[in-house]
Amino acid sequence: MCGIVGYVGHRQALDVVMGGLRRLEYRGYDSTGVGLVDGDRIAWAKKAGKLANLDAVLEGNALPASTTGIGHTRWATHGAPTDANAHPHLDAADRVAVVHNGIIENFMVLRAELEAAGYEFLSETDTEVVVHLLHRELQQQDDLSEAVRAVCRRLEGAFTLVFADALNPGVVVGARRNSPLVVGRGEGENFLGSDVAAFIDYTAEAIELGQDQVVTITADAIDVTDFHGNPAETTAYTVDWDVTAAEKGGYEWFMTKEIEEQPKAVADTLLGRLDQDGHLQLDEMRLTDDELREIDKIIVIACGTASYAGLVAKYAIEHWTRIPCEVELASEFRYRDPIIDRSTLVVAISQSGETMDTLMAIRYARQQRARVLSICNTNGSTIPRESDAVIYTHAGPEVAVASTKGFLSQVVACYLLGLYLAQAKGVKYGDEISSIIDELHQVPAGIQRMIDEGDQVRKLAAELVDRRSFLFLGRHVGFPVALEGALKLKELAYVHAEGFAAGELKHGPIALVEKGLPMFVVVPPRARDQLQEKILSNIQEVRARGAYTIVLVEDGDDSVVPFADVVIRLPKVPTLLQPLVATVPLQIFACELAELLGHDVDQPRNLAKSVTVE
Ligand code: AGP
């Protein structure tokens with residue numbers, strides 16, 4: 001959500017900033033803008049809509065050459081996505097410019113104060129107060145960094161702010177609180193970005209900023225302080241993926257590419273997790289076995305697809321560890337007064353590591369003294385940084401808004417956690433753990449097969465392209481798969497889609513079933529006799545009422561064939577691992593349907609990749 005780029009160096013800042021904004025497009029946005037230092041003023045351009053609209057403005061009205069610039073992709077919160085509300089925002093004389101991600105919660109009070117002092121507002125945004133506050137501060141002193149610190153001390157809420165000042169040429173200043181900002185260190189040039197994708201074309205050397213810090217970059221220096229000017233500690237790291245990993249590599253959509261990367265994502269997430277004695281080892285566990293043995297309750301918190309990974313994990317974690325495990329939407333967690341204490345392990349799952357609902361939930365959990373472990377795909381992001389322990393998924397950058405490889409690798413990481421807890425508590429023997437790990441190692445081949453057989457699902461999408469409603473049924477771990485299948489279809493194809501626990505059908509949803517309604521049904525492996533038989537009855541119930549049944553069932557199980565309009569075969573895997581293969585055809589179906597309907601597969605309407613507001 002909102003992409004930010006800042007640059008000072010020897011290149012044309014406009015090229016660097018526009019290139020960075022293109023790389024940040026995946027975060028989701030609805031207007032864009034750039035600002036460049038040009039003599040004693042800031043030259044700027046901004047436009048509602050996609051970057052192509054800004055390109056058109058710049059073609060008609062070229063900006064001057066400059067080596068200092070800032071840029072922004074905005075995802076509207078306060079005020080519609082219009083030209084006026086787009087960033088940067090400037091003071092009346094076009095001396096200073098600011099771009100912002102987040103929400104200034106006390107902006108109403110500040111706006112009233114500034115209006116009373118004679119400042120005129122041109123937009124409906126919360127951001128504009130910041131630039132006027134800075135303008136007023138710069139009347140008292142010339143030092144941009146000092147003025148930014150003074151402004152930050154007055155702000156409440158979440159913000160990443162990046163400023164340029166025509167009277168401080170060759171300097172860009174950034175600040176962050178509860179919102180991401182990273183620094184890119186170059187040779188004779190430095191960068192700021194919402195994430196490393198903003199500058200990965202130029203450098204892999206990054207610096208992670210902490211909470212409430214202000215960073216000043218020039219071409220040759222990077223200076224970081226807290227909001228009071230005290231020098232601050234930072235962490236430098238080298239980005240371990242290159243630019244090609246964030247490119248489409250010949251695929252039409254990032255989502256298609258990311259679906260196909262899933263066998264590798266799962267394999268990489270499993271890589272290097274056993275020590276030479278065959279014991280599970282998790283790099284950044286940071287919690288001792290003694291601490292883990294004290295855990296008597298687990299609460300998984302996450303949003304959207306990540307929460308469905310948590311729902312899958314609950315079955316495995318409880319089964320393997322015998323520790324009660326709840327799964328809760330992060331946005332609901334802290335408002336219900338949950339019962340947690342030092343012996344509760346809160347597991348936060350987040351691909352981006354920046355989801356504000358999840359971040360706020362872990363902060364609450366830590367205040368209540370719970371231990372927090374995060375499962376995250378983004379190195380250096382806020383959620384793992386604020387957790388007691390981390391398990392990184394190694395899925396590589398996920399660019400498409402719809403999560404695919406993120407989901408499968410989260411499920412795998414949750415399984416590693418479950419097994420690690422079982423190992424620490426001694427409730428599973430070493431050989432039992434190794435045999436489950438062996439089974440997990442077989443899964444990438446099964447996922448690859450589902451990808452190779454994707455044409456069956458693509459043809460099905462073409463056949464059903466005019467349907468406006470779909471239902472998904474599952475039992476046990478198949479239930480979260482049904483929820484995920486429905487979510488993918490909603491977000492990509494904009495059609496009505498709902499997932500149900502098959503047992504709930506008769507308690508209401510069966511009323512929706514009518515002739516021709518497409519229903520996907522995930523059939524549990526036969527090894528779980530009762531489950532398989534029960535869902536067989538559910539399929540017959542909906543078929544009898546005219547549903548068009550699309551049945552996902554393991555190889556060799558022909559019992560469903562008489563009641564299925566379409567059979568999608570799944571490789572035989574243990575019940576708990578079935579979501580890792582069964583989700584894949586549902587992803588492919590949603591992706592194909594969206595494409596056939598002419599939708600933007602990678603950036604569905606109204607959605608953002610990184611949801612950094614509550
Ligand atoms: C999935 O396709 C979504 N776009 C969305 O539900 C996502 O999973 C959710 O916003 C959580 O994101 P996170 O994993 O980055 O925290």
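Two strands pair if DSSP finds at least two bridges between them. Strands (E, at least two residues) and helices (H or I, at least four) are DSSP runs numbered from the N terminus.

The model is predicted, so local features need pLDDT of at least 70 and side-chain atom pairs count only at pLDDT 80 or more, while totals for chains, interfaces and linings use all residues. Residues are numbered from 1 along each chain as its sequence is written, and side-chain values use heavy atoms, without hydrogens and water.

**The sheet**

Five strands form an open sheet with parallel pairing, in the order E21-E20-E22-E23-E24. Strands E21 (496-501) and E24 (566-570) stand at the edges with a single partner strand each, so one side of each has no neighbour in the sheet. Direction ignored, neighbouring strands are turned by 20° against each other on average. Strand E23 (residues 548-554) runs parallel to E24 and is joined to E24 by 5 bridges. Ile-550 stands opposite Val-566 in E24.

| Helix | Strands touched | Angle between directions |
|---|---|---|
| H15 (residues 454-463) | E22 (518-522), E23, E24 | about 155° with E24 |
| H16 (residues 478-493) | E20 (469-474), E21, E22 | about 175° with E21 |

**The lining of the largest cavity**

Strand E6 (residues 96-104) gives the largest share of this lining, 3 residues.

Key: Axes are lines fitted to C-alpha atoms, for helices over the stretch in contact, and angles run from 0 to 180 degrees between N-to-C directions. Contact means heavy atoms within 4.5 Å.
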